[in-house]
Structure formats: C-alpha cells, structure tokens
Amino acid sequence: MAAVDPAAEIVALDRAWEDAIIAVDTAVLERLGAEDLVYTHGDASIEGKPGFIDHIVNGALRFERIAYEDTEIRMRDGAAVLTCALHLETRDQQGHPGQLHFRMTHVWVREPDGWRLLASQSTHLKP
C-alpha cells in the first residue's frame with residue numbers, strides 16, 4: 001500500500017473545509033475545526049469555532065465558488081501551514097453576486113483522531 005502524501009492530505013482537507021462552507025455543511029465544519037479554532041477574517045474580526053459556523057449559517061453572504069491559486073504547504077511535526085490566494089464568488093441576501101479575493105493562511109494540527117483546522121487568517125487583496 002502506498003504511503004499517503006501529507007501535503008496532499010492537507011490540500012484535500014482544506015478543500016473539504018471550503019466545500020463545507022459552500023454547502024453550509026455544519027457537520028463537516030464541526031468535524032474539521034479544532035475546538036479552539038481562531039478564525040480571523042479579512043476585516044480583522046475574530047471568531048471561535050461556534051461563531052464561525054454561525055457566520056456561515058446565518059451570515060450576510062453565501063459562498064458559491066472558491067478557487068485556489070499559489071497554494072503552498074509547509075509541514076512540521078504535527079502541524080501544517082497552507083498558504084494561498086483565494087477567489088470567492090458570493091451572493092448577498094438579496095441574491096446579488098459579488099467577488100472577494102484574499103491571501104489566506106490555514107494552520108492545521110494533527111490531533112489524536114486526525115487533522116483539525118486550528119487557525120485561519122485572511123487578508124483582502126485588491127481586485
């Protein structure tokens with residue numbers, strides 16, 4: 001049996017996290033987010049795991065598509081740092097389309113039962 005490439009595993013987990021945001025899949029967000037998750041948004045607001053999940057469920061925007069570019073992974077003992085640029089297509093509560101562009105850092109940590117997202121930091125990029 002071939003060994004799993006840890007960097008590829010992190011990319012897949014991060015994609016699952018973003019797909020759960022699009023689908024508003026709270027079960028996946030609960031499973032992949034660390035209990036002490038710190039989510040720093042592009043506007044510098046900070047949420048823990050419950051607040052972030054509530055933001056996805058009840059927030060002003062729905063995310064329709066998330067595209068990665070310039071993805072890099074750095075692996076260390078029990079931790080992985082994923083950096084990338086994100087292009088997001090959104091809809092507001094009235095159905096109007098929008099776009100966001102971020103530079104993002106995700107910190108994943110290996111816990112006894114698998115990888116969990118511990119921290120997220122996004123910075124708005126100019127269009």
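Reply: Happy to. In what follows, contact means heavy atoms within 4.5 Å. This is a predicted model, in which local features need pLDDT of at least 70 and side-chain atom pairs count only at pLDDT 80 or more, while totals for chains, interfaces and linings use all residues. Residues are numbered from 1 along each chain as its sequence is written, and side-chain values use heavy atoms, with hydrogens and water left out.

Two more terms before the sheet itself. Helices (H or I, at least four residues) and strands (E, at least two) are DSSP runs, numbered from the N terminus. Two strands count as paired if DSSP finds at least two bridges between them.

The sheet is open and has 6 strands in the order β2-β1-β6-β5-β4-β3, with mixed pairing. Its edge strands are β2 and β3, each of which pairs on one side only. Helix α1 packs on this sheet and touches β1, β3, β4, β5 and β6, with its direction at about 165° to that of β3. Helix α3 (residues 49-58) packs on the sheet too, touching β1, β2 and β3, and its direction makes about 65° with that of β1. For these angles, axes are lines fitted to C-alpha atoms, for helices over the stretch in contact, and values run from 0 to 180 degrees between N-to-C directions.

In general, strands of a sheet pair through backbone hydrogen bonds, either parallel or antiparallel. β3 (residues 61-76) and β4 (residues 79-92) run antiparallel and are joined by 13 bridges. Along this pair, I66 has L88 as its bridge partner in β4, and A67 stands opposite H87. The β3-β4 hairpin has 2 residues between its strands, and G78 takes a positive phi near 75° there.

On its way to β5 (residues 97-111), β4 again pairs in the antiparallel sense, over 13 bridges; V81 faces V107 of β5. This hairpin has 4 residues between the strands, and G95 adopts a positive phi near 90°.

Now to β1 (residues 33-40). With β6 (residues 114-124), β1 runs parallel, and 4 bridges join the two. Y39 finds its bridge partner in S120 of β6. With β2 (residues 46-47), by contrast, β1 runs antiparallel, through 2 bridges, and T40 stands opposite I46. The β1-β2 hairpin has 5 residues between the strands, and A44 in its turn has a positive phi of about 80°.

Buried means under 20% relative accessible area, exposed over 50%, and partly exposed in between (1.4 Å probe, protein chains only). S120 counts as buried because its relative accessibility is 3%. Apart from residues up to four places away in sequence, S120 touches V38, Y39, T40, M104, T105 and H106.

At the N-terminal end, D5 caps α1, with a side-chain oxygen 3.2 Å from the backbone nitrogen of A7. Just after the helix, V24 takes a positive phi of about 55°.

Finally, the α3 side. H55 is found in α3 and is partly exposed, with a relative accessible area of 32%. Setting aside neighbours within four places in sequence, H55 is in contact with H41 and E47. The C-alpha atoms of H55 and R110, 55 residues apart along the chain, are separated by 25 Å. E30, in helix α2 (residues 26-32), is partly exposed as well, at 41% relative accessible area. Leaving out neighbours within four places in sequence, E30 contacts K49 and I53. The C-alpha atoms of E30 and I53 lie 8.0 Å apart, with the two residues 23 apart along the chain.

Terms used. Polar contact = N/O pair within 3.5 Å; in protein donor to acceptor, adjacent residues only side chain to side chain.
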